[in-house]
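Welcome, and let us take a walk through this structure together. Have a look at it below before reading on.

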Amino acid sequence: MDKKLFGLLIALMTLALLGIIFVQWYWISNSYQSKESQFVTTVRQVLLDTADEIELREAEKYFEMYNDLLREAENPENVTFSELIYRIGNGKSNDAHIFSDGILEEDFKLSSSFLDTDVDSILFKRITNKKVKTKILKDIDAGSNRVEKTESFSRLKPYERAQFEDAFSNISAKIPIHRRVTANDISTIINDELTLRGIESKFQFAIYSNDLGTKVRTQRFDLDPETTFRVSLFDNKDLNIGYQLYVNFYEQEREVFGSLIGMTILSLLFTTVIFVAFYSALSQLFKQRQISQIKNDFINNMTHEFKTPIATINLALDALKNPKVKASDEFTGKYLKMIRDENHRMHEQVENVLRISKLDKNELDLPKERYDLHDIIEDSISHIELIVDDRGGYINSHLGALKTNVLVNESHITNVIVNILDNAVKYSEDEPKIDIYTENIKNYVVLKIRDQGMGMSKAALKKIFEKFYRVPTGDIHNVKGHGLGLSYVKRILDDHDAQVSVESDQGKGSTFIIKLHLIS
Ligand SMILES: Nc1ncnc2c1ncn2[C@@H]1O[C@H](COP(=O)(O)OP(=O)(O)OP(=O)(O)O)[C@@H](O)[C@H]1O
Ligand SMILES: [Mg+2]
């Protein structure tokens with residue numbers, strides 16, 4: 001795939017993914033906020049209703065008490081009664097409904113002795129609301145009318161309450177708060193109001209009077225101006241007495257989040273799935289790219305390794321044409337063997353190419369076996385010998401190492417040494433003079449391949465292991481190459497956990513040093 005397009009695709013996908021995550025986050029935090037403000041509104045309403053209910057209950061309590069007293073009281077000071085009667089007839093059945101809605105206002109003077117107040121008597125207006133529904137049914141057989149009456153009493157009506165409270169509030173305001181309402185009552189009322197609105201949050205509350213706590217409170221209430229809700233209770237403007245009911249809701253977060261949790265988890269889950277899928281798709285893609293890169297490199301390298309065998313075979317064939325060689329069985333045999341060996345080596349390279357084309361991991365994972373490094377060196381020399389001879393040079397080995405057992409892939413390590421030797425020949429202007437040394441240092445066997453060729457500059461030294469790097473050849477135009485040999489050397493030695501370094505003096509020659517781990 002085009003590198004730019006690939007980058008663009010990844011950028012777009014990453015952007016989209018981040019966008020999705022952002023939108024999800026935005027959506028969740030938005031709904032959290034709106035749920036939160038909804039919770040606050042509901043809770044405020046709960047408190048208003050609670051305060052109202054507490055006040056209504058008190059009013060009703062005293063209303064009942066007064067009513068009982070009134071029943072025994074002497075005649076009212078003043079009585080007004082107004083009644084509204086209306087009739088609805090039913091044409092078909094001849095039934096008639098008569099509704100009466102009457103307001104009876106009686107003004108009483110009451111002794112307030114049953115209250116702990118310093119007021120002698122209270123002028124109290126009794127208002128009774130009585131609804132009467134009369135249903136008159138025509139009796140079919142007797143022709144007479146049957147009458148059904150239903151009377152209904154409801155809770156204190158707003159106007160009754162207003163009237164009553166007006167008369168009563170100045171008295172009740174003087175009663176200590178803990179006798180007006182108990183913590184239990186408040187608890188029940190708030191609970192009822194909360195349940196009505198589907199909220200389950202736990203709460204603690206306290207009644208304060210002008211910033212001072214009263215006895216009416218729950219044990220663990222803590223006033224926190226940030227989170228505590230507040231509502232006024234028993235407000236009496238005339239006497240300037242008032243209370244505040246403070247309530248803390250402890251599970252506000254849970255309550256608010258509770259309704260969002262399902263969606264949040266789902267959206268987190270799906271986002272994670274997308275993320276994981278995206279990540280694994282990308283890493284798979286990268287891995288594939290890497291593998292195909294490795295394959296490409298390797299196939300290039302292996303093809304590169306055909307060059308020396310072909311050159312050697314060519315030389316051997318040329319030699320065989322020589323009448324002197326033809327005459328000698330020994331020489332003929334030697335060259336034929338060389339051709340067969342090189343052929344065998346090419347066959348191995350082909351195997352390598354085929355093996356690498358099956359590669360499905362991003363490691364080469366070359367199979368390794370125990371070998372004597374000296375054997376491999378001898379073998380490598382045999383592959384290049386003819387070329388060196390052809391150029392009139394020599395390869396001398398000084399194999400001084402005593403311990404030489406290494407764990408290597410024979411064919412690849414042979415290629416590595418052949419590559420270095422090949423360079424030593426190629427980059428010697430005169431006859432190639434090559435010396436090979438081995439020695440043991442600590443747990444390593446160190447192999448040095450020294451030539452007396454053209455050498456390299458310090459700057460070039462840093463780059464020669466890079467793929468396709470070639471030192472600009474200057475005046476030597478006949479040296480051909482692709483800059484692949486040493487990158488292959490590096491790759492293979494890395495795979496063997498071995499080190500390679502170069503020392504070089506321009507014009508004097510170069511030494512390639514390879515450090516391999518010894519095995520016992
Ligand atoms: N022994 C050496 N003496 C001097 N220069 C060397 C020697 N070995 C390598 N070089 C320099 O390092 C460069 C990289 O070598 P490498 O083997 O990777 O590529 P190449 O020989 O140019 O081409 P290829 O090996 O692919 O045919 C060479 O072009 C050469 O300039
Ligand atoms: Mg080379």
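## Helical spans and a ligand site

Residues 256-282 are 100% helix and 0% strand, with end C-alpha atoms 38 Å apart. Helices are DSSP runs of H or I, at least four residues, and strands are runs of E, at least two, numbered from the N terminus. This is a predicted model, where local features need pLDDT of at least 70, side-chain atom pairs count only at pLDDT 80 or more, and totals for chains, interfaces and linings use all residues. Residues are numbered from 1 along each chain as its sequence is written, chains are lettered from A and ligands numbered from 1 in the order in which they are written, and side-chain values use heavy atoms, leaving out hydrogens and water.

The unreviewed UniProt entry lists residues 5-27 and 256-282 under "transmembrane region"; such annotations may be inferred rather than shown by experiment. Residues 5-27 are also 100% helix and 0% strand, and their end C-alpha atoms lie 32 Å apart.

Now to helix H6 (residues 307-321). Its buried residues (under 20% relative accessible area, 1.4 Å probe, protein chains only) include Thr 308, Pro 309 and Leu 320. Seen down the helix axis, the buried residues of H6 fall within an arc of 165°, taken from the directions from the axis to the C-beta atoms, so they line one face.

Ligand 1 is surrounded by 20 residues (a heavy atom within 4 Å). Some polar contacts, pairs of N or O atoms within 3.5 Å, are tabulated here.

| Residue atom | Ligand 1 atom and distance |
|---|---|
| Lys 307, polar side-chain atom | oxygen, 2.7 Å |
| Val 471, backbone N or O | oxygen, 3.2 Å |
| Ser 510, side-chain N or O | nitrogen, 3.4 Å |

Notes:
Buried means under 20% relative accessible area, exposed over 50%, partly exposed in between (1.4 Å probe, protein chains only). A polar contact is a pair of N or O atoms within 3.5 Å; within protein, one must be able to donate a hydrogen and the other to accept it, and residues adjacent in sequence count only if both atoms are side-chain atoms.
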